[in-house]
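Welcome! Please take a moment to look over the sequence and the model, and then let us walk through a few places together.

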Amino acid sequence: MRQRLSDTATEMFLERGFDDVRVAEIAEACEVSEKTVFNYFPTKESLLLDLGETTMTALRTDLVLPDRRPVDAVLRILSDELHAITSWTAAQDDPAQAAVMIRRFRELTRSTPSLRAYHRDMTDRLIGVAAEALARRAGMSPDDPEPQIAATALLGLWPIQFRSLGKHLKGVRAPEQVNGTVTADVRRAARLIETGLASFSPSGEPPMPTPAAHLEQQEQGPSTR
């Protein structure tokens with residue numbers, strides 16, 4: 001039901017605009033009450049931007065793993081999210097039209113003030129969760145400068161992936177090509193913050209590899225999650 005509500009709402013928002021669709025209309029289309037919609041989604045905005053909670057859970061779980069460096073953990077989360085999008089695109093009868101829908105989704109979120117505000121708030125919450133996980137990992141306070149700036153830098157990889165996806169979806173490209181080019185862009189950005197995060201490693205953790213060594217490791221393929 002949660003997926004059905006989100007899919008129906010997204011389709012209606014893309015067709016008519018976010019502000020011109022009422023939650024009651026989404027409920028009617030799904031043959032449920034408006035109360036049922038809000039049982040699954042606390043706000044109208046969360047019907048469209050519904051992956052924040054999943055990302056939050058992944059950050060809270062993966063960033064504290066002692067055998068996984070913060071950049072590696074975030075790259076794995078981003079890879080899973082990108083794979084879900086490109087897999088959905090590949091499964092559509094018309095992948096080109098599916099790519100158009102993804103670009104329209106991006107344009108809708110950028111052009112709607114309430115969605116932009118919701119996205120900013122969710123980003124702040126994600127940074128807070130990441131800072132808590134990194135601080136616990138390093139035996140520090142979440143309010144210390146190091147976990148705060150580390151969390152902010154890591155969350156900055158999400159807009160990199162989002163923008164790259166919009167860019168590389170243009171034209172006729174196979175989903176696996178889009179996945180490869182977007183992943184390459186995200187890794188380039190990750191290399192810039194990787195060296196700084198090396199100094200944030202908990203005591204006793206081996207130093208992070210150099211950007212070149214990390215990239216070489218990534219090119220060998222993702223390990224099993």
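A crossing of two helices is left-handed if the near helix is turned anticlockwise from the far one by less than a right angle, and right-handed if clockwise. Helices here are DSSP runs (H or I, at least four residues), numbered from the N terminus. The model is predicted, so local features need pLDDT of at least 70 and side-chain atom pairs count only at pLDDT 80 or more, while totals for chains, interfaces and linings use all residues. Residues are numbered from 1 along each chain as its sequence is written, and side-chain values use heavy atoms, with hydrogens and water left out.

Now to the helices: α5 (residues 52–62) and α6 (residues 70–91) cross in the right-handed sense. Where do α5 and α6 meet? Thr 55, Ala 58, Leu 59 and Asp 62 of α5 are in contact (heavy atoms within 4.5 Å) with Ala 73, Val 74, Ile 77 and Glu 81 of α6.

Next, find Ser 6 in helix α1, which spans residues 2–16. Leaving aside neighbours within four places in sequence, Ser 6 touches Phe 41, Leu 47 and Asp 50.

Finally, look at two aromatic rings. Phe 13 and Phe 18 are both buried. The charged end of Lys 44 sits over the ring of Phe 18, 4.5 Å from its centre; this term asks for NZ of Lys or CZ of Arg within 6 Å of the ring centre and within 35 degrees of the ring normal.

Definitions and conventions. Buried < 20%, exposed > 50% of the residue type's maximum accessible area, 1.4 Å probe, protein only. Helix = DSSP H or I, 4+ residues; strand = E, 2+ residues; numbered from the N terminus. Axes fitted to C-alpha atoms, helices over the stretch in contact; angles between N-to-C directions.
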